[in-house]
Amino acid sequence: MARALVGFVAEVRPFAPNDVVLDPAVGGGVFLLAVAEALDGARADRVQGLRGIDIDPLAVATTEASLRLWAGGAALPADAIRVGNALDDESQEFEASVVIGNPPFLSQLRDGTMRDAEVRASLAQRWPELRGYVDDAVAFLLAGVDAVGTGGVVALVQPSSVLSARDAQPVRQRLLDHAPPVGVWIDGGR
């Protein structure tokens, strides 16, 4: 899936040597590794524009180690892969050319994944369109749109509910107005 999404991005907007590519929920770094594979040049140079954020310190360490091993031990820029929450305003320290990844799907209809009142209020203040039962993955989509610069691309895996849920309608309208979709890939499996 990561390679397919990277290929889709490359068709929409070919990667450039000075691109900054962000995965806002980097996990183990699969999407950043797929981007590195798709770039041209020496491996040590390919990882220089890759950025990742995750709330899990182990995921961040795994991603950093994977990228460094892939690049033959090359150092990454300071804080290229860091612990943080991409849904916080403070996390937006740079403008990305491409935002790509698979953010967590956190249904607002299940115990254990529902936002608490404080998080719900904070997200609604930043994105008034994010309300009701909209999955947290959609918040990452909005954060991605905010993080990408003019001419950039956001390619994030999303739950199918973003296409049809009533509560997601304001998000769909915002995207149509400010970041019109150019394609959709639908997984044929579960």
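Ala, Val, Leu, Ile, Met, Phe, Trp, Tyr, Cys and Pro count as nonpolar, Asp, Glu, Lys and Arg as charged, and the others, Gly among them, as polar. This is a predicted model, where local features need pLDDT of at least 70 and side-chain atom pairs count only at pLDDT 80 or more, while totals for chains, interfaces and linings use all residues. Residues are numbered from 1 along each chain as its sequence is written, and side-chain values use heavy atoms, with hydrogens and water left out.

**Exercise 1.** Find the class make-up of the lining of the largest pocket.

*Solution.* Start with the term: on a 1 Å grid over the protein atoms alone, a pocket is an open set of points where a 1.4 Å probe fits, with protein on both sides within 12 Å along at least five of seven lines, and lining residues have an atom within 4 Å of a point. Next, count the lining, which holds 35 residues. Leu156, Gln158, Gly183, Val184 and Trp185 lie nearest the pocket's centre. Finally, sort by class: 26 are nonpolar, 6 polar and 3 charged.

**Exercise 2.** Work out how α2 and α4 are oriented to each other.

*Solution.* First locate the helices (DSSP runs of H or I, at least four residues, numbered from the N terminus): α2 spans residues 30–38 and α4 residues 57–70. Their packing angle is about 20°. Angles under 35 degrees count as roughly parallel, and α2 and α4 are therefore roughly parallel to each other. Now look at the contact (heavy atoms within 4.5 Å): Leu32, Leu33, Ala36 and Glu37 of α2 meet Thr63, Ser66, Leu67 and Trp70 of α4. By class, this contact has 5 nonpolar, 2 polar and 1 charged residues.

Technical notes
Axes are lines fitted to C-alpha atoms, for helices over the stretch in contact, and angles run from 0 to 180 degrees between N-to-C directions. Helices (H or I, at least four residues) and strands (E, at least two) are DSSP runs, numbered from the N terminus. Angles under 35 degrees count as roughly parallel, over 145 as roughly antiparallel, 65 to 115 as roughly perpendicular and the rest as oblique.
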